[in-house]
Amino acid sequence: MNRLEGKLAIVTGGARGQGEAEARLLARSGAAIIIADVLEDEGRALEAALRQEGLEARFIRLDVTSEASWAATIALAQEWKGRLDILVNNAGIINRSTVEKTGLDAWERVLKVNLTGAFLGIQAVSELMIEGGGGAIVNISSNSGYSGHYDPAYTASKWGLRGLTKSAAMELAGKNIRVNAVCPGLVVTGLNANSPHLQPMIGMTPMRRSGKPEEIAELVLFLVSDASSFITGEDFVIDGGFTAGAAYRRVASETGIYLD
Ligand SMILES: NC(=O)c1ccc[n+]([C@@H]2O[C@H](COP(=O)([O-])OP(=O)(O)OC[C@H]3O[C@@H](n4cnc5c(N)ncnc54)[C@H](O)[C@@H]3O)[C@@H](O)[C@H]2O)c1
């Protein structure tokens, strides 16, 4: 229960969805949590709910694309605990448009939030982490970082996050900072709740369901805790078998090899 006792964690996009589940689990595992998001009402409500449970939580309005915003978040960590041990770069957006129809603004916006935001986060936290003797960073990529999602900007950002993870892991390993990526498949959240693609995706997923935010949070907890102390620079798919071979599974079903 107290795997993260004495540690301070920042979860970006922590006000709702998977980030909320991650913030809750890390807090219940003993960490003090900075919930960092552009969604102020949801973020403050989560802060209050965690405090109600007797846990340590602070909300800050962080726009991951803004260096000034990151500086204010690091200042909060410094002033509150004088240390920083964990960063979960979870904030993300999607565009849901094709190469043909994606305008430059939309392309740049997705790359800026999903990829540049994580880069700025790693840059912002590393000094304070190093001062404290090290830390752990998890970047939330996607199984779209393994294949071609129909949104090219989202796909590029999530592939990019896997590359950033490996590069940052090499640089920071000597400073005792581990950097890994988590690549979820379909999880029903505010990001996609109204998407017409949910049922077809679930139908193609070998486990025949979407993931739960709490399941993604368990993997994040493992990767930020000492249980994973020799793992760095890796990306972990968590998608009910989708990436493992959903296309072949469908062929097998359609040709009668699998009778499900
Ligand atoms: N839901 C899925 O199926 C799925 C699958 C794979 C990966 N992911 C990734 O998981 C992460 C969490 O997504 P989710 O499903 O919980 O969606 P969500 O929309 O519920 O949560 C995303 C959070 O990021 C925040 N955010 C957006 N722009 C921001 C910015 N500029 N600065 C700070 N915060 C910002 C939002 O306010 C929101 O709280 C994202 O990176 C997403 O790409 C989601």
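In what order do the seven strands of the open sheet stand, and is the pairing parallel or antiparallel?

1. The strands run in the order 3-2-1-4-5-6-7, and the pairing is parallel. Strand 3 (57-61) and strand 7 (235-238) stand at the edges with a single partner strand each, so one side of each lacks a neighbour in the sheet. Neighbouring strands are turned by 20° against each other on average, direction ignored. Strands pair here if DSSP finds at least two bridges between them, and helices (H or I, at least four residues) and strands (E, at least two) are DSSP runs numbered from the N terminus.

2. On provenance, this is a predicted model, in which local features need pLDDT of at least 70 and side-chain atom pairs count only at pLDDT 80 or more, while totals for chains, interfaces and linings use all residues. Residues are numbered from 1 along each chain as its sequence is written.

3. Within the sheet, strand 1 (residues 8-12) and strand 4 (residues 86-89) pair in the parallel sense over three bridges, and Val-11 has Val-88 of strand 4 as its bridge partner. Helix 2 (residues 40-52) packs on the sheet, where it touches strand 2 (32-37) and strand 3, and its direction makes about 170° with that of strand 3. Helix 5 (residues 152-172) also packs on the sheet, touching strand 5 (135-140), strand 6 (177-184) and strand 7, with its direction at about 165° to that of strand 6. For these angles, axes are lines fitted to C-alpha atoms, for helices over the stretch in contact, and angles run from 0 to 180 degrees between N-to-C directions; two residues are in contact if their C-beta atoms, placed from the backbone, lie within 7 Å.

4. Strand 2 and strand 3 pair in the parallel sense over five bridges, and together with helix 2 they make a right-handed β-α-β unit. Right-handed is meant in the sense that, with the strands pointing away from the viewer, the path from the first strand over the helix to the second runs clockwise.

5. Is Phe-59 buried or exposed? Phe-59, which lies in strand 3, is buried, with 25 other C-beta atoms within 10 Å. The cut-offs are 20 or more other C-beta atoms within 10 Å of a residue's own for buried, 12 or fewer for exposed, and partly exposed in between, with C-beta atoms placed from the backbone. Ile-35 stands opposite Phe-59, and, not counting residues up to four places away in sequence, Phe-59 touches Ile-35, Gly-43, Arg-44 and Glu-47. Of these contacts, Gly-43 is 16 residues from Phe-59 in sequence and 5.9 Å from it in space, C-alpha to C-alpha.

6. Leu-76, in helix 3 (residues 67-80), counts as partly exposed, with 19 C-beta neighbours inside 10 Å. Leaving aside neighbours within four places in sequence, Leu-76 is in contact with Ile-34, Arg-58 and Ile-60; the C-alpha atoms of Leu-76 and Ile-34 are separated by 8.6 Å, although these residues are 42 apart along the chain.

7. Helix 7 (residues 213-224) includes Phe-222, and its twelve residues reach 17 Å from first C-alpha to last, close to the 16 Å expected at 1.5 Å a residue; the expected span is 1.5 Å times one less than the number of residues. The buried residues of helix 7 are Ile-216, Ala-217, Leu-219, Val-220, Leu-221, Leu-223 and Val-224, and they pack against strand 1, helix 1 (17-28), strand 4, strand 5, strand 6 and strand 7. Phe-222, by contrast, counts as partly exposed, with 16 C-beta neighbours inside 10 Å.

8. Some backbone angles deserve a look. Arg-96, in the loop between strand 4 and helix 4 (104-131), has a positive phi of about 55° although it is not a glycine. Asn-176, in the loop between helix 5 and strand 6, is likewise a residue other than glycine with a positive phi, near 65°. Arg-96 is partly exposed, with 16 other C-beta atoms within 10 Å, and Asn-176 is partly exposed with 15. Just after helix 8 (residues 242-254), Gly-256 takes a positive phi of about 85°.
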